[in-house]
Amino acid sequence: MTTEVLLTAWGNTSRGDDALGPSLLQRLNAWALSSGMAERFEWVEDFQLQIDHALNLEGKTLALYIDAGQNTPAPFSFSPISPLKQPWHTTHAMPPESVLAVFEQTFRKPPCPAFTLCLKGEDFGIREGLSLAAQNALESALVFAQKLLNNPTPEAWLALAHAPPL
């Protein structure tokens, strides 16, 4: 069975709430393993996005990029994304839209539909562990992301992206 859905999360686990992306990905993976769905997804966790992450999109029908954001509405935001017209020329803090653009330029075809799930963080200082607010955002995002994974189609995800906030 080939994986059709790409789940990519990034963050620095030594910088407090910046660990939200990897934390959610790990929780989702454990949930998917326990429900027998894990093989349907490709799970990618990294410190930051790189140009190489464009290769993970090949053959996928859907992609979800998970990160923490300081100015994100609480508890999280979820929205569709498109390739940047002019991708960043640096890989420092590369956005997922730039990864999509690299895919498009490399493979000479559009990437699969892609979305971001950005969890609100408050404390990005050097420390281990999530703030209380981030823990609450993580729990809310977990429930939401489980809905996404239960129905991994672009149409279903678009409907949730345009639904009123939780």
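This is a predicted model: local features need pLDDT of at least 70, side-chain atom pairs count only at pLDDT 80 or more; totals for chains, interfaces and linings use all residues.
Residues are numbered from 1 along each chain as its sequence is written, and side-chain values use heavy atoms, without hydrogens and water.

Helices (H or I, at least four residues) and strands (E, at least two) are DSSP runs numbered from the N terminus. Five strands form an open sheet of mixed pairing, in the order β2-β1-β3-β5-β4; pairing requires at least two DSSP bridges between two strands. At the edges, β2 (41-46) and β4 each pair on one side only. The twist averages 15° from one strand to the next. Angles, from 0 to 180 degrees, are taken between N-to-C directions of lines fitted to C-alpha atoms, for helices over the stretch in contact, and contact means heavy atoms within 4.5 Å.

Helix α1 (residues 20-34) packs on the sheet, touching β1 (5-10), β2, β3 and β5, and its direction makes about 150° with that of β2. Helix α4 (residues 154-161) also packs on the sheet, touching β1, β3, β4 and β5, at about 130° to the direction of β4.

Two loops carry backbone features. A cis peptide bond, with omega about -5°, joins Ala74 and Pro75; Pro75 lies in the loop between β3 (62-69) and β4 (76-81). Arg108, not a glycine, has a positive phi of about 55° and is placed in the loop between α2 (96-107) and β5 (114-120).
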